[in-house]
Amino acid sequence: MADVALITGGSRGIGAATAHKLAAAGFAICVSYRTDRAAADSVVAALQATNARAVAVQADVSDPDQVEALFNRCDAELGTLSALINNAGMVGDKARLEDMSAARLERMFAVNSLGTLFCCQAAIRRMAARHGGRGGSIVNVSSVASRIGSPAEYVDYAASKGAVDTLTLGLAKELATERVRVNAVRPGIIDTDIHASGGQPDRAERLSPLIPMQRPGIADEVASAIEWLVSAAASYTTGAILDVSGGR
Ligand code: NAP
């Protein structure tokens with residue numbers, strides 16, 4: 001039976017690139033999405049065309065009931081979970097903190113921080129030795145925003161990713177003897193649709209001069225780091241936060 005990886009927000013961008021990498025490494029893949037079923041179905045069709053087992057499941061990670069239903073579908077359709085990639089995330093429009101609505105702040109933390117916590121809970125119950133699990137690996141997708149802070153752009157997003165970093169450090173220690181490794185990647189500016197979703201479609205190109213390598217990254221470059229953290233090659237690595245940021 002193949003290893004099973006669940007990738008939240010696997011329908012495009014970094015999540016879709018990770019789905020392809022992990023499928024090529026032999027994982028059966030569950031991609032989740034929130035709204036764009038056609039995009040998720042097309043990722044699954046592309047994976048199946050390479051003979052990988054794959055399924056797409058709709059779920060909003062900010063809702064713990066939908067998260068539980070997502071993991072149950074993954075169990076039922078693909079089998080025992082061995083890897084969780086907490087990739088689903090969102091940004092808001094460029095704004096100063098005092099101009100952000102309470103609803104925006106609540107949504108930012110509900111998706112980026114609480115969503116990651118809910119998915120970790122569901123994965124632990126399936127993978128940790130104390131629950132009879134066979135072990136596994138969690139990779140959280142944070143952001144260099146967590147250490148830069150994203151002033152006058154989106155400090156709410158940066159703070160929500162700071163929570164992801166701290167969760168990674170604590171949970172790695174909490175699960176260190178439970179056969180579950182917990183790590184994070186911290187991407188810099190990566191050329192995906194997320195910038196357009198925050199009202200700045202030209203952000204990756206515009207901010208390139210701020211990047212020591214003078215170019216945005218591509219989703220595949222982040223997926224490679226995630227693939228390594230999931231793999232047995234990283235068997236002694238837990239609690240690591242790996243910057244994939246062109247030196248930023
Ligand atoms: P993206 O292209 O905007 O894709 C986001 C994915 O997350 C989509 O599959 C989307 O599904 C899903 N999603 C959004 N909200 C969700 C929710 N509430 N519940 C479930 N799924 C949800 O983003 P990306 O650039 O690949 O980013 C992936 C991760 O990397 C995010 O956590 C992001 O914060 C992080 N990151 C990105 C960059 C960058 O420059 N691109 C830099 C640092 C960190 P639908 O399309 O169906 O809504």
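Residues are numbered from 1 along each chain as its sequence is written, and side-chain values use heavy atoms, with hydrogens and water left out. Because the model is predicted, local features need pLDDT of at least 70 and side-chain atom pairs count only at pLDDT 80 or more, while totals for chains, interfaces and linings use all residues.

**The ligand and its shell**

- The ligand is surrounded by 30 residues, and the closest are S11, T35, N87, Y157 and T192; a residue is near a molecule if one of its heavy atoms lies within 4 Å of it.
- By class, this shell holds 12 nonpolar, 11 polar and seven charged residues, where Ala, Val, Leu, Ile, Met, Phe, Trp, Tyr, Cys and Pro count as nonpolar, Asp, Glu, Lys and Arg as charged, and the others, Gly among them, as polar.

- An N or O atom in the side chain of D60 lies 3.0 Å from a nitrogen atom of the ligand, and a polar side-chain atom of Y157 lies 2.6 Å from an oxygen atom of the ligand.
- Taken alone, the ligand exposes 900 Å², of which the protein buries 96%; such areas come from the Shrake-Rupley method with a 1.4 Å probe.
- Two or more residues of the shell come from each of α1 (13-24), α4 (102-127), α6 (155-174) and α7 (194-197), with helices (H or I, at least four residues) and strands (E, at least two) taken as DSSP runs, numbered from the N terminus.

**The second largest pocket**

- On a 1 Å grid over the protein atoms alone, a pocket is an open set of points with protein on both sides within 12 Å along at least five of seven lines, and lining residues have an atom within 4 Å of a point.
- The second largest pocket is lined by 20 residues, and G136, R181, V230, S231 and A232 lie nearest its centre.
- β4 gives the most to this lining, with three residues.

**The cavity**

- A cavity is a set of grid points where a 1.4 Å probe fits but cannot get out, and the largest cavity is lined by T8, V61, N86, N87, A88, V111, G115, T116 and C119.
- α4 gives the most to the lining of the largest cavity, with four residues, and the lining divides into four nonpolar, five polar and no charged residues.

Methods:
A polar contact is a pair of N or O atoms within 3.5 Å; within protein, one must be able to donate a hydrogen and the other to accept it, and residues adjacent in sequence count only if both atoms are side-chain atoms.
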